[in-house]
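My notes follow in the order I made them.

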Amino acid sequence: MVDGVASTSSNQTYQTAGDRSAASLANDFDDFLVLLTTQLQHQDPMDPLDSNQFTQQLVQFSGVEQQIRTNQNLETLAALTMMSNQSSLASYLGKEALVPRTGGETDGASGIQWRYHNETAAEKLTLEVRNDQGDIVYTGEGKKAAGVHDFEWDGKLSNGEFAPAGEYDLKVVAEDAAGKSLETGIAVRSRVQSVDLTGTDAVFVVGPNLVSQDEIIQLFSE
């Protein structure tokens with residue numbers, strides 16, 4: 001992983017599938033020419049070889065060669081696109097992102113920012129911040145109106161001291177007028193620490209969370 005980005009690229013020279021196909025075709029064509037030359041040298045003058053047969057074979061070789069060249073061009077284009085995409089993903093590093101997770105982390109001297117979404121208005125709504133042991137370290141009344149709301153925990157316990165550094169989760173306990181529990185969507189704002197490009201899809205380390213690119217709801221420039 002270099003500058004927060006892990007990649008499978010290296011300085012070593014390697015062959016693409018198109019390169020290997022081209023090399024194989026070249027060997028097959030050499031063998032074909034040797035065989036054709038041998039046949040011509042030993043053909044019966046009274047019954048010469050049909051030129052249409054090896055002409056058709058030459059045409060087939062030419063068609064395969066053109067297809068291999070097309071594949072090589074596509075592989076080159078795909079490699080350039082991947083390099084461009086990797087450069088774009090690297091621009092995420094160090095920025096803060098909003099991702100659909102309940103967990104954030106604090107360094108013991110700061111808080112955590114969350115965003116929650118009430119699909120409908122709630123009669124009661126309580127915000128609970130829990131540590132990695134499941135213990136409640138903060139509780140307070142949240143906004144009951146339908147819609148999106150921001151919540152910033154200052155990272156302090158009830159005694160006024162900062163909570164120990166680590167991961168903390170937000171739980172929203174919401175009920176309607178009939179006492180029925182309401183579902184609430186939660187997202188956390190954390191810094192993008194690194195990007196892992198070793199797999200098929202990029203994986204971002206956002207605070208304590210691993211997320212894909214399409215899970216990043218919002219990227220903050222500041």
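I call a residue buried when its relative accessible area is under 20%. The model is a predicted one.

Entry: asparagine 131.
I began with asparagine 131, which sits in the loop between β5 (124-130) and β6 (136-141). Its relative accessible area is 18%, so asparagine 131 counts as buried, the cut-off being under 20%. I then looked for polar partners of the side chain. A polar atom of the asparagine 131 side chain lies 2.9 Å from the backbone nitrogen of glutamine 133. The side chain of asparagine 131 also reaches the backbone nitrogen of aspartate 135, at 2.9 Å. Leaving out residues up to four places away in sequence, I listed Val137, Glu167 and Tyr168 as touching asparagine 131.

Entry: threonine 106.
I moved to threonine 106 and placed this residue in strand β3 (residues 103-106). Is threonine 106 buried or exposed? Threonine 106 is buried, because its relative accessibility is 6%. For the side chain of threonine 106 I noted a polar atom 2.5 Å from the backbone oxygen of serine 110. I also noted the backbone nitrogen of glycine 108 at 3.2 Å from a polar atom of the threonine 106 side chain. With residues up to four places away in sequence left out, threonine 106 touches Gly111, Ile112, Pro164, Ala165, Gly166 and Tyr168.

Entry: cross-check.
I compared the two contact lists. Tyr168 touches threonine 106, and Tyr168 touches asparagine 131 as well.

Technical notes
Residues numbered from 1 in each chain as written. Predicted model: local features only at pLDDT ≥ 70, side-chain atom pairs only at ≥ 80, totals over all residues. Heavy atoms only, no water. Helix = DSSP H or I, 4+ residues; strand = E, 2+ residues; numbered from the N terminus. Buried < 20%, exposed > 50% of the residue type's maximum accessible area, 1.4 Å probe, protein only. Polar contact = N/O pair within 3.5 Å; in protein donor to acceptor, adjacent residues only side chain to side chain. Contact = heavy atoms within 4.5 Å.
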